[in-house]
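Have the viewer open and follow along.

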Amino acid sequence: MKRSLLVVGVAAALMVAWSIGRVQGQQAGGKVIFASPDKESFTDMPGGGVSMAAIWGDSSKEAHGTFTKFKPGHDAGMHTHTNDVWIVGVKGAYLYKDDDGEKRVGPGDFLRVPGGHKHWSGGDKNEGALFYEESSGKFDLIPAK
């Protein structure tokens, strides 16, 4: 009985993972995407200190990939996101803190923040941050209490 429940659980998890990957792949319409932050058009986000350039998807509605910039010293405060967020540093440093400590996500570094995980983020005080950000759903920032 336990073995068959395990097999069913693993099969269900694989189906969910496959479905998510398939949906994210469809966002790009099956096309190869090349993007360079030096050639993208960045849009300032409400609240100041942050700008984003869409690479694929629409961050206000769905799974997406963007280049994101934090101005030097930007402080996003303690918050959560509904969906998972994956970050790869490009220039400067994305600063991250949670109950387990601090991380400095520099060029080439990777960070995954699970949806619902309370954390603080900001930009290096001298260089700010430029990073690639991808999410499994629309982007939101929910201030933590």
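Is Asp58 buried, partly exposed or exposed? Asp58 is partly exposed, because its relative accessible area is 28% and the label covers whatever falls between buried (under 20%) and exposed (over 50%), with a 1.4 Å probe and protein chains only.

## Ground rules

What you're looking at is a predicted model, where local features need pLDDT of at least 70 and side-chain atom pairs count only at pLDDT 80 or more, while totals for chains, interfaces and linings use all residues. Residues are numbered from 1 along each chain as its sequence is written, and side-chain values use heavy atoms, with hydrogens and water left out.

## The overall layout

The protein chain has 1 helix and 11 strands. Both come from DSSP runs numbered from the N terminus: helices are H or I with at least four residues, strands are E with at least two. Reading from the N terminus, the order is α-β-β-β-β-β-β-β-β-β-β-β.

Of the chain's 145 residues, 35% count as buried. Now for contacts, meaning heavy atoms within 4.5 Å. Among those with a separation of 6 or more, 67% are between residues 24 or more positions apart.

## Salt bridges

A salt bridge here is a side-chain nitrogen of Lys or Arg within 4 Å of a carboxyl oxygen of Asp or Glu. That rule gives 3 of them. Asp58 pairs up with Lys61, with 3.9 Å between the closest N and O atoms. While Asp58 is partly exposed at 28%, Lys61 is exposed, with a relative accessible area of 64%.

Next, Asp84 and Arg112 meet at 2.9 Å, N to O. This pair ties together distant parts of the chain, 28 residues apart: Asp84 sits in the loop between strand S4 (75-80) and strand S5 (85-92), and Arg112 in strand S8 (residues 110-113). Arg112 is partly exposed at 42%. Then there's Arg104 with Asp124, whose closest N and O atoms are 2.8 Å apart. These two also link distant parts of the chain, 20 residues apart, with Arg104 in strand S7 (residues 101-105) and Asp124 in the loop between strand S9 (119-123) and strand S10 (129-135). Arg104 is partly exposed at 49%, whereas Asp124 is buried at 7%.

Where does the side chain of His64 reach a backbone oxygen? At Gly137, with a distance of 3.3 Å. His64 belongs to strand S3 (residues 64-70) and is buried, with 0% relative accessibility. Setting aside neighbours within four places in sequence, the contacts of His64 include Trp56, Asp58, Glu133, Gly137 and Phe139. So Asp58, with its 28% relative accessible area, turns up both in a salt bridge and beside His64 in the contact list.

Pro37 is in the loop between helix H1 (2-27) and strand S1 (43-44). Pro37 is buried too, at 18%. Not counting residues up to four places away in sequence, Pro37 touches Phe42, Phe67, Val90 and Leu130.

## The pockets

Rolling a probe the size of a water molecule over the atoms shows where empty space is left. On a 1 Å grid over the protein atoms alone, using a 1.4 Å probe, a pocket is an open set of points with protein on both sides within 12 Å along at least five of seven lines, and lining residues have an atom within 4 Å of a point. A volume is the space filled by probe spheres set on the points, which are joined across faces, edges and corners.

The largest pocket has a volume of about 490 Å³. Its lining has 28 residues, with Met45, Val50, Met52, Phe139 and Leu141 nearest the centre. Strand S2 (50-57), S3, S4, S5, S9 and S10 each give two or more residues to that lining, and S2 gives the most, with 4. The lining splits into 15 nonpolar, 11 polar and 2 charged residues; nonpolar covers Ala, Val, Leu, Ile, Met, Phe, Trp, Tyr, Cys and Pro, charged covers Asp, Glu, Lys and Arg, and the others, Gly among them, are polar.

The second largest pocket comes in at about 210 Å³. Of its 13 lining residues, Lys69, Phe70, Glu127, Ala129 and Leu130 lie nearest the centre. S2, S3 and S10 each contribute two or more residues.

Note on methods: A polar contact is a pair of N or O atoms within 3.5 Å; within protein, one must be able to donate a hydrogen and the other to accept it, and residues adjacent in sequence count only if both atoms are side-chain atoms.
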